[in-house]
Amino acid sequence: MLAGCLVLLATVIARSVQLQVVAHAQYAALANGEHLETLRLHASRGAIVDARGRPLALAEEATTVGAYVPLTDPAGVARAVADTLSVSRDVIYTRLTTAHRGHIDLVRQADPAAAARLQALNVSTLLTFIPEEKRVYPLGMAMPIVGTTNIDGHGLAGLERSYDRALRGHDGLERFTRNATGASISPIAVTPARDGGRLQLALDLQIQAAAERTVASTQRRTGARSVVAIVLDVRTGGVLGMAATPAPNSSAAYGEATPDEVRLRAIADQYEPGSTFKTATIAAGLDRGAITPGTRFTIPGCIWIYNRKICDAERHGTESLSVSQILTVSSNVGAVKIAYERLSGKGSGDHGKYFAPYIARFGFGKPTGIDLPGELRGSVPDYRTWSGTTIGNIPFGQGLGVTPLQVAAFYAMVANGGVWTQPHVVDRIDGVPVPAARIRMLPTAIAAELNVMLRNVVSTGTGVKAAIRGYGVAGKTGTTQKVVNGTYSKSHYVGWFVGFAPAAAPRIVTLVLVDDNTKGSYYGGDTAAPAFADLTARALQALGVRRR
Amino acid sequence: MVANDAIVARAETVRELHEDVTEARVHQLLRGTRRDLPVEGQILLLVTLGLTAFGQVMVFSASGPLALTSAQYHHDPLYFVKHGVFFTLIGVVVMLLAMRAQPRWLKVGGPGMLLVSLVLLVAVLIPGIGQYINGARRWIAAGPISVQPSELVKIGLLGTGAAILAARKTPPSTLREIARPIGIVTVLACGLILKEPDLGSSIAVAVMVFGMLFVAGTPMRLLALLGGAGLGGGLLAIMTTAYRRERFLAFLDPAAHRSGSWQTTQGLLHYAAGGINGAGIGAGTGKNQFVPEAHTDMIFSVIGEELGLVGSVLVILAYALFAWAGFTIAMRARDRFSQIVAGGATALIAGQAAINVGAVVGIIPLTGVPLPLISYGSSGKIVMLLIVGVLLAICREQGLTPTPRRSTTRGRSQPRSGPARFRRAAR
């Protein structure tokens, strides 16, 4: 018996040595695996606010309701969840009876108040309630610009996509000792989460609202296929407003809109610039010293360039027009003569030799670099491939593709005394200004000459309907035939008006584009100019610019 | 200068006086204990008090997180310490009283207690009387305190069994002699305890009776047979109950029976995680609700984790020392009754410790007994200390006997008829 007791004693001690010394490391690792918990500390996604701090996108508290399946009573749980969170009972039931075993999400990002009511019910012991962040867009404005995220908070479109990295922040980590219920007992190390940056936009919601209203009313008035409006801050290059039709329903989610409704037409569609491009032709001529505003040209009603006949929009006999007058009456023949006679090289293939570099310098044919996804570069033919026909149509804006924003940015450069400023939507991230590139493209004197000429367009030329009482306006109309089945159509047009105000000390550039109107005159001076006047007046008032 | 000297002299006088007084008292106490208790009794007392005090510390460490996080314990981390100390103090007083009493009271009171406890064992099974805690009816609430009838049975059976065995002229030599009446009573008591269900306590009772039979001089082959039958009965009890079977299968193959092995594996894992030196008292992690029953049945796992190999081996050795002292007291007891009581008492406490420790370190299946003297307990704790008190009383009785000690040494005549086994062993 004594021997038996000693054997027992020796066995117990030997086993202790085996456990606590020999196999210690292995068991300690297993035990640590149970106690040590690493938790992701969720970084809150940054808000997106307008120039005056009004919210466009916010992160909101939400609760994700889940369950460990299989459950013994899926029908009862489905009923409770569906009734409390007002979701489909069938959907919940189907999820609860999935073949998958383990944790599943039942309702992502439910209303926290409703989830709290559910948590008070008896079935809540079978459910999990995980706090999660939900992205909300309280106003539903500027939807294509702001964009959207997927349910996990990753940016998919618009600023949410282009600034995803800044908005997302960095998740933190917390390591702690836990007890068997999973609760933290003592923290070991904490790397705090760094919340995402707050985007403050150049966009002003008052101007954006005016832009959204303007495109909608213009669409109704003209019966157009689509209308695009841009308002740029001349000095900073900031986008104050940007809207287009067809527009998404502001009270519905981004995901419910059609791709057509959320396309950023101002940067993702390209058009022929038409007569708005004549300002670029004249700017090139002035800068090269080939012409002055007073240089006179003999303008027949039509001219032949190689095999192509170029005519002005209105029939007229041969007359003598100054460069300024060419712009005022928007003479196609005049624009072609300036480029063909004063900006061509000597060789037969050198028509674009002096003009083409200006087109590139003015930012056409390359993206403006705006901070939105999906911007097109436009299409400008390489001058070495220019034919005689090319020099016969590019000077008045045919035969090249531009985005509305490229045109607006060019006019902003002219308005800003020849200095181009990078167009951008985001002004500051967490209060830190985002730098915008500035490039001098024209001397101040030439910009001033263009300013005067563009005022004439509104005061006496094709753009009289763009005039605003109390503000001096400078701008340019444009009307282009749409290409249908490979040829220029006689019934489908795009009307433009782009200009700036107040003309003496420009603050904003406004662009309105009316694509394929079905009612009334198709001239840009008739379709787009009144909308321009309306929108510009509202924007100036929003900025507090006084009437003269 | 003079005044200063006087003050110094005075201070020294006071100190000397103080020392004299203190020394005198301590000596007196030691002298008293020495006079009353032979050395094995002193060791038994020291080990018991040491384990009990140590137990309070470990109960605090092991129960703190549970009590803190549970509304049931009023989020008071000291809940189990307060209750434990209360019952322990009662237990120590009971132990000291029992030490001063004649062990004969057990002979007189034993059968009555056994009868009462058997009735209570039946009563506890009745819903409304027995409290249903953790899936078992083991407690009877009597006002503010709860009583476990299975604890009373131990004392009752200890007294009654010893009285019956001591009354016999010769040790029981056949199964029939063992069975009637002590075997039947034991099987009845164990069966009722098993019904609660409380396998651990019934095993402890069986081990106690086994120890009594052993000390009474029952032939080895008969004891082997009984041991075999006990193991068989235990196995039967295990295999006929789902959760016990699951636990047992988990013991045999922990990986394949995870649900049944949670308590075992968690206990083992954290015991092993202690390493050689342990995490330090209070720094363990298993008690954070990973190891169930951390302050009762699985407290040895907490000891292993917080005090490591050093601490757990010291505790094991303390129980070995307790067993040695207990059996020494049994060997030197004055009469046959005291001998058998001492043997049963020692077998109960040491056996229960072995069952508990063996289960924690994973060499025997988990049956659910508290670690005597260390684990948190109320009536169980008091009963354990009472039994130690009885052991001390037997030892003291022997110390007070005028006959020279070491009377069982070689060649001496035997003034009293001790059991044959001890005579043989001492030869």
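**View 1. A:Cys5 is partly exposed, at 41% relative accessibility.** Partly exposed lies between buried, under 20% relative accessible area, and exposed, over 50% (1.4 Å probe, protein chains only). The closest cysteine sulfur to that of A:Cys5 is in B:Cys395, 19 Å away, too far for a bond. The model is predicted: local features need pLDDT of at least 70, side-chain atom pairs count only at pLDDT 80 or more, and totals for chains, interfaces and linings use all residues. Residues are numbered from 1 along each chain as its sequence is written, chains are lettered from A and ligands numbered from 1 in the order written, and side-chain values use heavy atoms, without hydrogens or water.

**View 2. B:Cys395 is buried, at 0% relative accessibility.** B:Cys395 is in no disulfide. A disulfide here is a pair of cysteine sulfur atoms within 2.5 Å.

**View 3. A:Cys302 and A:Cys311 form a disulfide.** The S to S distance is 1.8 Å. Such a link is a covalent bond between the sulfur atoms of two cysteines. The torsion about the S-S bond of A:Cys302 and A:Cys311 is about 110°, so this disulfide is right-handed. A:Cys302 is partly exposed at 32%, and A:Cys311 is partly exposed at 30%. The whole structure has 1 disulfide over all chains.

**View 4. Helix 18 of chain A covers residues 444-460.** Helices are DSSP runs (H or I, at least four residues) and strands are too (E, at least two), numbered from the N terminus. Helix 18 has 17 residues and reaches 24 Å from first C-alpha to last. Its buried residues include A:Ile446, A:Leu450 and A:Val457. Helix 12 (278-288) and strand 22 (487-501) of chain A are among the elements that cover them.

Definitions and conventions: Expected span 1.5 Å × (residues − 1). Contact = heavy atoms within 4.5 Å.
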